[in-house]
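I set out in this notebook what I looked up in one protein structure. The entries follow the order in which I made them.

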Amino acid sequence: MAISVFDLFRVGIGPSSSHTVGPMRAARAFACALRDLDIERIRVTLRGSLAATGVGHGTDRAVVMGLAGETPEGIDPDGIDARLAALDAGEPLVLANGQRVAFSRRDDIGWDDRCLAFHPNAMQLAALSGARVVASETYYSLGGGFYIDQAGADHGGAGDDTTALPYAFASAAELLALCRRHGMRISELMLANERTWRGEADIRRSLLHIWAVMRESIDNGLAARGHLPGGLNVRRRARQLHEQLQAPQDQRLIVSSFSLMDWVNLFALAVNEENAAGRRMVTAPTNGAAGIVPAVLAYYLKFEPDAGDDDIVNFLLTAGAIGILCKENASISGAEVGCQGEVGSACAMAAAGLAEVLGGNIDQVENAAEIGLEHNLGLTCDPVGGLVQVPCIERNAIASVKAINAARMALHGDGEHFVSLDKVIRTMRDTGRDMQDKYKETSKGGLAVNAIEC
């Protein structure tokens, strides 16, 4: 499967790429395929992790909006509540194909936390005419907004895009070998691959748009106040921290190495508070880890006087290369390998992107990614209350600082290191397989249990 950087960086809404974005996209695909059938009702069964934490992640809401034809990148987050209220009051559901069907969220959405064999994020949809099922499909949400149907799962999970790339790579070793052979930086090689799908001007424009949405999510997070939805009563902190950094009363907050770290924390908190509120953002490579790449890039742009659009493009292209390796050789799904697959992958991506724009050679960039991922190995996904809030928001801030440190450590070396990125990615995959299911986005273990008991 050929993966574009724009597959990893998707504009969507929070709080979860695997539980919100992927299910919305899959439900829309199902509804669009029903155009020639006489449908009276739709039934949905959420399985595995989609059932275990689907309420807190808004999976049911996302599926309904997808059936109605909405896309994660196009939906108005402010209109969702009113549309669901109308549906609950008895109005019919207008499907993506224009048909009007009866639909009850209470009666027509089932929750079954037993996992299907292929992947823990599964949902089964059925279209009925009377009591007769006239169409059905099973979808798997793979993290990062990616999904496949049962046929794709039966073929080993391969995607539809079989584009032949000029510089195809399946490992970091292959990526580095291609760069050496052709005298290219990682960002240059990724740009060449992206030109398979679109022109260079379009690539640059689209990447700058991705950054603009990331920047907007930061700005919106800095402006928002109050508490996050969901019942935990988690207070937004980004606005207050921003005010402190702008007009510090405490001398310790005046520009120093410590205040620089505060700015990184601030950017990450702002993005992930917006994510937790279900607002618009960029999956990078998932929503639960969406604050790390923009926080590190915003940090670079703020404190590097010569930074410009070329740096944004090169940062995101390089980060995308690392994300592709993590997805293809392990997973970016918290339900599959724990949070090491989300925050760990994002940390590696951000570290590599920063090392690239700071002038690191290809070995130093790979080393930065390796350090960033290695020190997130074993990270569990145990959201309290099934919400992408605790520990997710702070975890993004911590990983953002870690990504910067990883890049700095790599740049102070010559690129030679003991453990390769490929070996760390393989270890993440194996660790995820060995991890107990209760620590993989079920809210049945870890902080999700102990925080409530405390």
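**Entry 1. Basis.** I worked on a predicted model, in which local features need pLDDT of at least 70, side-chain atom pairs count only at pLDDT 80 or more, and totals for chains, interfaces and linings use all residues. Residues are numbered from 1 along each chain as its sequence is written, and side-chain values use heavy atoms, with hydrogens and water left out.

**Entry 2. The annotation.** I consulted the UniProt record, an unreviewed entry, which annotates residues 4-150 as "domain: Serine dehydratase beta chain". UniProt positions are given here in the numbering used for the model, feature names are shortened, and annotations may be inferred rather than shown by experiment. I found that this span is 35% helix and 31% strand, with its end C-alpha atoms 23 Å apart. Helices (H or I, at least four residues) and strands (E, at least two) are DSSP runs numbered from the N terminus.

**Entry 3. Cores.** I then asked which residues have the most contacts inside the largest nonpolar core. They are Phe9 and Leu316, in a core of 105 residues. A nonpolar core is a set of buried Ala, Val, Leu, Ile, Met, Phe, Trp, Tyr and Cys residues joined through side-chain atoms within 4.5 Å. Buried stands for under 20% relative accessible area, exposed for over 50%, and partly exposed for what lies in between (1.4 Å probe, protein chains only). Another core lies apart from the largest one and has 33 residues, including Ala31, Leu67, Phe103 and Ala135. I listed the contacts (heavy atoms within 4.5 Å) of Phe9: not counting residues up to four places away in sequence, Phe9 touches, among others, Ile210, Val282, Leu316 and Met349.

**Entry 4. The largest pocket.** I noted a volume of about 1100 Å³ for the largest pocket. On a 1 Å grid over the protein atoms alone, a pocket is an open set of points with protein on both sides within 12 Å along at least five of seven lines, a cavity is a set of points where a 1.4 Å probe fits but cannot get out, and lining residues have an atom within 4 Å of a point. Grid points are joined across faces, edges and corners, and a volume is the space filled by probe spheres set on the points. The largest pocket has 45 lining residues, and Phe118, Leu142, Ile148, Gly157 and Lys327 lie nearest its centre. Strand β8 gives the largest share of this lining, four residues. By class I recorded 19 nonpolar, eleven polar and 15 charged residues; Ala, Val, Leu, Ile, Met, Phe, Trp, Tyr, Cys and Pro count as nonpolar, Asp, Glu, Lys and Arg as charged, and the others, Gly among them, as polar.

**Entry 5. The second largest pocket.** This pocket has a volume of about 490 Å³. Of its 25 lining residues, Pro15, Arg61, Pro229, Ala277 and Gly278 lie nearest the centre. Helix α4 supplies the largest share, three residues, while α2, α5 and α6 are among the elements that give at least two. Just after α5, Gly69 has a positive phi of about 95°. Pro15 is in the loop between β1 and α2, and the peptide bond that joins Gly14 to Pro15 is cis, with omega about 10°.

**Entry 6. The cavity.** I found one cavity of 30 Å³ or more. The largest cavity has a volume of about 150 Å³, and among its 20 lining residues Gly288, Glu342, Cys381, Val388 and Cys392 lie nearest the centre. Helix α19 gives the most to this lining, three residues. In the loop between α18 and α19 lies Pro391, and a cis peptide bond, with omega near 10°, runs from Val390 to Pro391.

Entry 7. Is Glu356 buried or exposed? Glu356, in helix α17, is buried, with a relative accessible area of 5%. Its contacts beyond four places in sequence include Arg185, Asn314 and Val365. In the loop between α20 and α21, Glu441 has a positive phi of about 60° although it is not a glycine, and Glu441 is buried at 3% relative accessibility. Ser443 lies in the loop between α20 and α21, has a positive phi near 60°, and counts as buried at 19% relative accessibility.
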